[in-house]
Amino acid sequence: RGRARASDADGSSDMRPILLKGHERPLTFIKYNREGDLLFTCAKDHHPTLWYGDNGERVGTYVGHNGAVWTCDVSDDSSTLVTGSADTTAKLWDTKTGECYFTFEFDQPVRAVALNAGGTQCAITTDPFMGVPSAIHIVNVNLGDRAAQRGEVVKRIEGPQGRVTRVMWGPLNKTVVTGGEDGIIRSWDVETGDVLKMSQEHSKQIQHLVMSDDGSHFISASLDKTAKVFDSETLECLKTYSADRPVNAAILSPIRDHIVLGGGQDAMAVTTTSSKAGKFDSKIYHKIFEEEIGGIRGHFGPINALAFNPDGRSFTSGGEDGYVRIHPLDNSYFEIP
């Protein structure tokens, strides 16, 4: 029983995934709330969806975007959802009622959104469009008084060449960290808009960035077939996990020295191969020793999104195939050193 496997000899298993069918198009992003009881999924089908994190029951959808929804974030108290869409808007939603109560409007497609610690500001990135380069917009968020919410951008930072695919807040809300099409990770001063640090460890587009719980480090996923862990202050590369496929998502276990990464060859190349050859399983690596220790199969297309439940006992994957899978981790996983 040393290896994590999907079923025991008698056919019983706790590792059987829960299949969530609710999206008609490829998944783009998955986010748990702080407690892990709510699961938010974004896809190219315009309708971010809310599920219960433990059993995968669909609670409802957030209807209002008319373009692919690329990313989302949720406030610490789970009251407010923020989404970013190709329809050139970022929206604030009442999580419970599904009502969109505010829309930030831009002239370019919105790609990444991230609330700061405390939920007082949101960073929103827009794609290059019609000759206008990418940008990072800092807006104030008023979670306590929704009627007082305003749309003005308090800081606009002109971004690098190409898309900024991910943004997240650094320690003490003083910086934002971005990754994007040029493969460079940058730390920006929120007050001045200056680039404080740069890391050129990746050679291709960065698909995903996610911060550790304590904010000391973060993990990146890139089309150069690696995931890497960086120090969030210095952007020094601490660990590298090499895969045999482009990596679209990488996540850190909140309770164990493990990371999970997912990806697969891009959708154009998929039709020429079997689902096994496409390498569509989630890979578990040891965070410190950088070696692969397990894999969980399931999707019939590249994995585009991953998220760990904050309790560390399950994770969720979202695929190009339009399915979301919650993977409970059973005792055989917790027996892995």
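**View 1. Arginine side chains over aromatic rings in the predicted model.** In this predicted model, Arg111 lies over the face of Trp70, at 4.1 Å from the ring centre. A further arrangement of this kind involves Arg256, which is placed over the face of Tyr333 at 5.6 Å from the ring centre.

**View 2. The aromatic pair of Phe40 and Tyr62.** Among the seven aromatic pairs that the structure holds, Phe40 and Tyr62 form a tilted one, with 6.5 Å from centre to centre and 35° between the planes. The pair links distant parts of the chain, since Phe40 belongs to strand β3 (residues 38-43) whereas Tyr62 sits in the loop between β5 (58-61) and β6 (69-74), 22 residues apart. Phe40 counts as buried because its relative accessibility is 1%, which falls under the 20% cut-off, and Tyr62, at 2% relative accessibility, also counts as buried.

**View 3. The aromatic pair of Tyr241 and Tyr285.** Tyr241 and Tyr285 form an edge-to-face pair, with their centres 6.0 Å apart and 70° between the planes. This pair, too, links distant parts of the chain, as Tyr241 lies in strand β21 (residues 237-242) and Tyr285 in strand β24 (residues 282-286), 44 residues apart. Both Tyr241 and Tyr285 are buried.

**View 4. The ring cluster of Phe40, Tyr62 and Trp93.** Ring pairs link Phe40, Tyr62 and Trp93 into a cluster.

**View 5. The surroundings of His327.** His327, which lies in strand β28 (residues 323-328), is buried, with a relative accessible area of 2%. The side chains of His327 and Ser317 are joined by a polar contact of 2.9 Å. Leaving aside residues up to four places away in sequence, His327 touches Pro17, Ile296, Arg297, Arg313, Ser314, Phe315 and Ser317.

Notes
Residues are numbered from 1 along each chain as its sequence is written. This is a predicted model: local features need pLDDT of at least 70, side-chain atom pairs count only at pLDDT 80 or more; totals for chains, interfaces and linings use all residues. Side-chain values use heavy atoms; hydrogens and water are left out. Helices (H or I, at least four residues) and strands (E, at least two) are DSSP runs, numbered from the N terminus. Buried means under 20% relative accessible area, exposed over 50%, partly exposed in between (1.4 Å probe, protein chains only). A polar contact is a pair of N or O atoms within 3.5 Å; within protein, one must be able to donate a hydrogen and the other to accept it, and residues adjacent in sequence count only if both atoms are side-chain atoms. Contact means heavy atoms within 4.5 Å. Rings of Phe, Tyr and Trp (its six-membered ring) pair if their centres lie within 6.5 Å; planes under 30 degrees apart count as stacked, over 60 as edge-to-face and the rest as tilted. A charge sits over a ring if NZ of Lys or CZ of Arg is within 6 Å of the ring centre and within 35 degrees of the ring normal.
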